[in-house]
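Visitor: Could you walk me through the pockets and the ring pairs here?

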Amino acid sequence: NRLSGTVMNAYSFVSDIKTELNSFGLKYVHMSGSGPTLFTVFKTRAEAEKIFKKLLKRFKKLKISLTSSA
């Protein structure tokens, strides 16, 4: 996403959240569209649910969703 860098620079909180998500072991965190929605993918549902629970505890003021393509 070419707009990602612009959003990260203009809205430091988005960059800060991405950095924290990386600290949870999420290597591939991407921005959707023009932002500020961030997303990642997992190999297994169990792995996603484990991280999802951690994120809910850490980011109480953000909307966090767990979705599936299946």
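**Pockets and rings**

Guide: By class, 20 nonpolar, 7 polar and 3 charged residues make up the lining of the largest pocket. Ala, Val, Leu, Ile, Met, Phe, Trp, Tyr, Cys and Pro count as nonpolar, Asp, Glu, Lys and Arg as charged, and the others, Gly among them, as polar. This is a predicted model: local features need pLDDT of at least 70, side-chain atom pairs count only at pLDDT 80 or more, and totals for chains, interfaces and linings use all residues. Residues are numbered from 1 along each chain as its sequence is written, and side-chain values use heavy atoms, with hydrogens and water left out.

Visitor: How many aromatic pairs are there?

Guide: Rings of Phe, Tyr and Trp (its six-membered ring) pair if their centres lie within 6.5 Å; planes under 30 degrees apart count as stacked, over 60 as edge-to-face and the rest as tilted. That rule gives 2 aromatic pairs. Tyrosine 11 and phenylalanine 13 have ring centres 6.2 Å apart and planes at 75°, so they are edge-to-face. For phenylalanine 24 and phenylalanine 59, the centres are 6.4 Å apart and the planes at 45°, so this pair is tilted.

Visitor: Is phenylalanine 59 buried or exposed?

Guide: Buried means under 20% relative accessible area, exposed over 50%, partly exposed in between (1.4 Å probe, protein chains only). Phenylalanine 59 is buried at 8%, while phenylalanine 24 is partly exposed at 24%.

Visitor: What sits over the ring of phenylalanine 59?

Guide: A charge sits over a ring if NZ of Lys or CZ of Arg is within 6 Å of the ring centre and within 35 degrees of the ring normal. Here the charged end of arginine 58 does so, 4.9 Å from the centre.
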